Amino acid sequence: MIILIGNQKGGAGKSTFTLLLANYLTTVRKQKVTILDMDYQQSIAAKAEKAKILENDPLYEVVPTELKQFPDLLQVILSKRDEIALLDMPGKMDDDGLIPAIAAADFIICPFAYDEFTVDSTILFALVVRRINNRAPLIFIPNRIKQTVKYETKTEVEKVISGFGTITPPIPDRIDFQRIGIFQTPTTVYAAILPVLGLLCDQYLLKKETL
Ligand SMILES: Nc1ncnc2c1ncn2[C@@H]1O[C@H](COP(=O)(O)OP(=O)(O)OP(=O)(O)O)[C@@H](O)[C@H]1O
Ligand SMILES: [Mg+2]
């Protein structure tokens, strides 16, 4: 299964959510996971290199992936039954090499925020994705949501976005998100995010297995 985490808005929370999902799928749901780090900055792959020094028994593999390698790596993933590949996308959609990844996705997860610039990028991302892949459910995750802030655009934004896919409950803005790492999610973060991860897995990613 291929799960793509994308939004062309930089800093929307793609890499953070990729790690959260990888940690949760392996630790809580006992799934086999590989992260393909397709971001040019390779932030997850760099963390994984550091973790290698400390960890003997990695929970999952992180593969730094050049876009031109993707079609061949896809065949490797598809040949492994029950393997879940998480594709961490770059914060830009400026390369045709991304098309095969979008086309191959079974699910597309898009973290976003309600500010004007992020919303525009999010809608553009959804439009591009839908032209390439009309099969994968698009799941939008409001991220870094502050309880004290009233988001004036919320209703309007949700109306537009729900035309492309589903919107999950929000992920709060929390300082302890800085401590999410390879194989490691702080328990306080789990407590805050379990409703979103549970819903995502039960209603989408692992639906067949749980029914
Ligand atoms: N819910 C949250 N609460 C607090 N901080 C968050 C949250 N989500 C993400 N962050 C922080 O925001 C920053 C950007 O997140 P992240 O690197 O995941 O974004 P990205 O979409 O992968 O960015 P890029 O487009 O550059 O790859 C990081 O410092 C991360 O720790
Ligand atoms: Mg990133």
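# Close-up views of a predicted model

**View 1. Strand 1 is covered on both faces.** Ile2 and Leu4 on one side of strand 1, and Ile3 and Ile5 on the other, are all buried; here buried means under 20% relative accessible area, exposed over 50% and partly exposed in between, with a 1.4 Å probe and protein chains only. This is a predicted model, in which local features need pLDDT of at least 70 and side-chain atom pairs count only at pLDDT 80 or more, while totals for chains, interfaces and linings use all residues. Residues are numbered from 1 along each chain as its sequence is written, chains are lettered from A and ligands numbered from 1 in the order in which they are written, and side-chain values use heavy atoms, leaving out hydrogens and water. In a regular strand the side chains alternate between the two faces of the sheet.

**View 2. Strand 1 pairs with strand 4 and with strand 5.** With strand 4 the pairing is parallel, over 4 bridges, and leucine 4 has leucine 87 as its bridge partner. With strand 5 the sense is again parallel, over 3 bridges, and isoleucine 5 stands opposite isoleucine 109. Two strands pair if DSSP finds at least two bridges between them; helices (H or I, at least four residues) and strands (E, at least two) are DSSP runs numbered from the N terminus.

**View 3. The largest nonpolar core has 38 residues.** Such a core is a set of buried Ala, Val, Leu, Ile, Met, Phe, Trp, Tyr and Cys residues joined through side-chain atoms within 4.5 Å. Among those with the most contacts inside this one are Ile3, Phe17, Tyr60 and Leu205. Elements that each supply at least two residues include strand 1, helix 1 (14-27) and helix 7 (187-205), and helix 7 gives the most, with 9 residues. Look around tyrosine 60: leaving aside neighbours within four places in sequence, tyrosine 60 is in contact (heavy atoms within 4.5 Å) with residues including Leu19, Val33, Ile35 and Ile182. A second, separate core of 30 residues includes Ala101, Cys110, Phe140 and Val157.

View 4. Helix 5 (residues 116-132) has 17 residues and reaches 25 Å from its first C-alpha to its last, close to the 24 Å expected at 1.5 Å a residue; the expected span is 1.5 Å times one less than the number of residues. Thr118, Val119, Ser121, Thr122, Phe125, Ala126 and Val129 are its buried residues. The buried residues pack against strand 1, helix 4 (99-104), strand 5, strand 6 and helix 6 (154-161).

**View 5. Aspartate 106 meets arginine 135 in a salt bridge.** The structure holds 7 salt bridges, each a side-chain nitrogen of Lys or Arg within 4 Å of a carboxyl oxygen of Asp or Glu. Here the closest N and O atoms are 2.9 Å apart. Aspartate 106 lies in the loop between helix 4 and strand 5 and arginine 135 in the loop between helix 5 and strand 6, so the pair ties together parts 29 residues apart in sequence. Aspartate 106 is partly exposed at 24% relative accessibility, whereas arginine 135 is exposed at 51%.
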